Amino acid sequence: MLDELNQEMDQLLYVLSHDLRAPLRAIDGFSQALIEDCGDQIDETGRDYLERIRKGGIRINEYIDGLLTMSRQSRGDMRIEIVNLSKLARETADRVASWHDAHAPKFSVTDGITMPMDRRQAGFLLEKLLDNAWKFTVGLDHGQIEFGRMDIDGEAVCFVRDNGVGFDMEYARSRLFGPFQRMHPDQEYPGLGTGLATAKRIINRHGGRIWAESEKDKGTTIFFVVGRE
């Protein structure tokens, strides 16, 4: 049932994105034409408005791309196997680190963590969680990120923990895993806000749960467990 709902959502996203792109291209094209062809007839305020229209259209296109990427990374046939998440986390961290240039937090991994998952989607999951951890520890002299596992009420629960900026859980509780829901200003921490939404879709497909604990200026821990054997 869940896979059928995901397929219907993916089809809806594709149709919406396809139908939205044409009017967005028109908005951008005609705005640019006005600037180039009629610029001498438009005052500075008018040109500023047109530039804002163009930037808004570009941002909507970015949101469409984000939705499609989120859909693509959390769909497809799954092959469940025992995945060495410790090894995969190290490989993923090397890739994520290359995206963040000079930022080099201390990264630690508990050895021997395995879970029954689809390997490809497990990679996407760790990529989203580690990328967030890297991003939100930028600016710290002693940034720390950890991938580990703990026992919670008899369940083996994995987690990604950082000591970054964190956020107010009361403010974020109902919004955190929704697409485009951002806890921090875009100017300070760029992104579309689809990382945790993608992670949740992946965990849902594995019959599991994902949740967070965070405190402002003290870091964030994202927990997840899968239930699909």
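**View 1. Surface and overall make-up of the predicted model.** The protein exposes about 13,100 Å², an area from the Shrake-Rupley method with a 1.4 Å probe. Carbon and sulfur atoms supply 51% of that area. This is a predicted model: local features need pLDDT of at least 70, side-chain atom pairs count only at pLDDT 80 or more, and totals for chains, interfaces and linings use all residues. Residues are numbered from 1 along each chain as its sequence is written, and side-chain values use heavy atoms, without hydrogens and water. Of the 229 residues, 42% are buried (under 20% relative accessible area, 1.4 Å probe, protein chains only). Among contacts (heavy atoms within 4.5 Å) with a separation of 6 or more, 69% join residues 24 or more positions apart.

**View 2. The elements in chain order.** The protein has six helices and seven strands. These are DSSP runs, numbered from the N terminus: helices are H or I with at least four residues, strands E with at least two. Their order from the N terminus is α-α-β-α-β-β-α-β-β-α-α-β-β.

View 3. Five strands line up as 2-4-5-7-6 with mixed pairing; two strands pair if DSSP finds at least two bridges between them. Strand 2 (106-109) and strand 6 (209-215) are the edges, each with a single partner strand, so one side of each lacks a neighbour in the sheet. Neighbouring strands are turned by 20° against each other on average, direction ignored.

**View 4. Strands 6 and 7, with helix 6 on the sheet.** Strand 6 and strand 7 (residues 219-225) run antiparallel and share seven bridges. Ala212 has Ile222 in strand 7 as its bridge partner. Helix 6 (residues 195-205) packs on the sheet and touches both strand 6 and strand 7. The direction of helix 6 makes about 145° with that of strand 6. Angles run from 0 to 180 degrees between N-to-C directions, with axes fitted to C-alpha atoms, for helices over the stretch in contact.

**View 5. Helix 4 against helix 6.** Helix 4 (residues 119-135) packs on helix 6 at about 150°, with axes 9 Å apart. That makes the two helices roughly antiparallel (over 145 degrees). Residues in this contact include Phe124 and Leu129 of helix 4, and Leu196 and Ile203 of helix 6.

View 6. Nine of the 11 residues of helix 6 are buried, so the helix is largely enclosed by the rest of the structure. Among the buried residues are Ala197, Arg201 and Arg205. Just after helix 6, Gly207 takes a positive phi of about 70°.

Notes:
Buried means under 20% relative accessible area, exposed over 50%, partly exposed in between (1.4 Å probe, protein chains only). Angles under 35 degrees count as roughly parallel, over 145 as roughly antiparallel, 65 to 115 as roughly perpendicular and the rest as oblique.
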